[in-house]
Amino acid sequence: MADFNGDGHPDLVIRNADTRQTKIWYLDNNVFMGSADGPTLAPGWDLRGVTALSHDSHPDYVLFNPGTRQTAVRHLSAPTFGNSVSGPTLPGGWTLATIADSNGDGNPAYVLYKASTQQTAIWYLHNNLLISSPLGPAIPASWDLVGVADFNRDGHPDYLLFNSITGQIRIWYLSGPTLIRSVNGPTVPSGWALVATADFNGDGKSDYLLYNAETRQTAIWYMNDNSFINGAFGPTLPAGWSLIGQ
C-alpha cells in the first residue's frame, strides 16, 4: 500500500507468482482507476513493503531474500525502476515482516519477526543503513502481524494483528517498541483475510484492506481506531494475480 501517483489515495501492488511481474493498481478510495506495470522481481526475492525510503516522494520497493536474509531497496519513480541498493542482512531465524516509521523521525524502519520465539524487533534505519535495533513485543501463537499504523493517532505507530483461524483482529498500541495495551477489533468473515492497513477515504484514520483468495475480491473496512464504521468492495484481481503477501 502506497500512493504511487501522488493523488493522496493509497494504491495496490499486485504480483503474478508465475512471472514474478508486479503491477500498480491506482485507486480512488475503493474504485479502480487504472494500472501500470511495475518491476519484475528477481528469483528468490519477495516484496515486503513499499515506502519512500530515499525521501524523494516516490515509493520504493523493499525486498527480502529468505534464503540469504539479505534486504534490498529498488528505487522507483512511479512505476519505473531506477536503481537498486543493498540493505542490512537479517540474523538467522529472522524474517522481514513489514515497514513502518516506528519512532516518528520520518525514516521508515524494518519490523522483524522470529517464528521460533514469536519475537518482533524494530530496526531503525537512515535510508538503507541500520541505526539501532530494539526488541519489540512477542506475537502470540496463531496470530500474524499484518500491518503497522497509528490507529489512536497519538503519534506512535501500533501493531495490527490478525488470527486467520478465528478471524479476530487486535490492535496493539505501542510507544516506540513498547507494548502499552491492546484492544480487539471486528471479526473478519470466513474466507476473507486481513492483509493491510491504509487511509483509503482520506479521513485521517487507518482502514483495513481485506482479500478473498478464492474469489480474488478485495474489500475495504473503514475504521475509527478499532471500531468498524462501514465497508465497501474494492476491485477483483485477475486470475493468476494476488496481493503481495497472499
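The strand to look at is β18, residues 207–212.

Analyst: Let's begin with the whole chain and then zoom in. Bear in mind that this is a predicted model. The protein has zero helices and 21 strands. With a radius of gyration of 17 Å, close to the 18 Å that the globule rule gives for 246 residues, it is as compact as a globular protein of that length. The C-alpha trace spans about 40 × 40 × 30 Å along its principal axes. Buried residues account for 48% of the 246. The accessible surface comes to about 10,500 Å², and carbon and sulfur atoms own 50% of that. If you take contacts between residues at least 6 apart in sequence, 33% of them join residues at least 24 apart.

Now to your strand. β18 belongs to an open, antiparallel sheet of four strands, in the order β17-β18-β19-β20. The edges are β17 (193–198) and β20 (227–236); each has a single partner strand, so one side of each is left without a neighbour in the sheet. On average, neighbouring strands here are turned by 25° against each other, ignoring direction.

How buried is β18 itself? Six of its six residues are buried, so the strand is largely enclosed by the rest of the structure. Side chains in a regular strand alternate between the two faces of the sheet. You can follow that along β18: Asp-207, Leu-209 and Tyr-211 point one way, while Tyr-208, Leu-210 and Asn-212 point the other way, and all are buried.

Next, the partners on either side. Five bridges hold β18 to β17 in the antiparallel sense, and one to look up is Leu-194, whose bridge partner in β18 is Leu-210. As background, most residues other than glycine have a negative phi.

Look for Arg-69 in the loop between β5 (60–65) and β6 (70–77), where it counts as partly exposed at 30% relative accessibility. Ser-142 is another non-glycine residue with a positive phi, about 80° in this case. Ser-142 sits in the loop between β12 and β13 (144–149) and is partly exposed too, at 41% relative accessibility.

Nonpolar side chains tend to be buried together in soluble globular proteins. The largest nonpolar core here has 33 residues, and the ones touching the most other members are Leu-194 and Tyr-208. Leaving out residues up to four places away in sequence, Leu-194 touches Val-146, Leu-160, Leu-161, Phe-162, Ile-169, Val-188, Tyr-208, Leu-209 and Leu-210. So what else is there besides this core? A second, separate core has 13 residues, including Val-111, Tyr-124, Ile-139 and Tyr-159.

Strand β1 (residues 12–16) and β21 run antiparallel and are joined by three bridges, with Arg-15 partnered by Ser-242 in β21.

One last stop, for a look at a loop. Ser-133 lies between β11 (129–132) and β12 (135–136). Its relative accessible area is 39%, which makes Ser-133 partly exposed. Ser-133 and Ala-121 are twelve residues apart along the chain, with 6.6 Å between their C-alpha atoms. Apart from neighbours within four places in sequence, Ser-133 is in contact with Ile-122 and Trp-123.

Methods
Residues are numbered from 1 along each chain as its sequence is written. This is a predicted model: local features need pLDDT of at least 70, side-chain atom pairs count only at pLDDT 80 or more; totals for chains, interfaces and linings use all residues. Side-chain values use heavy atoms; hydrogens and water are left out. Two strands pair if DSSP finds at least two bridges between them. Helices (H or I, at least four residues) and strands (E, at least two) are DSSP runs, numbered from the N terminus. Axes are lines fitted to C-alpha atoms, for helices over the stretch in contact, and angles run from 0 to 180 degrees between N-to-C directions. A nonpolar core is a set of buried Ala, Val, Leu, Ile, Met, Phe, Trp, Tyr and Cys residues joined through side-chain atoms within 4.5 Å. Buried means under 20% relative accessible area, exposed over 50%, partly exposed in between (1.4 Å probe, protein chains only). Contact means heavy atoms within 4.5 Å. The radius of gyration is taken over C-alpha atoms; the globule rule is 2.2 Å times the number of residues to the power 0.38. Accessible areas come from the Shrake-Rupley method with a 1.4 Å probe; for residues, only the protein chains shown count as cover.
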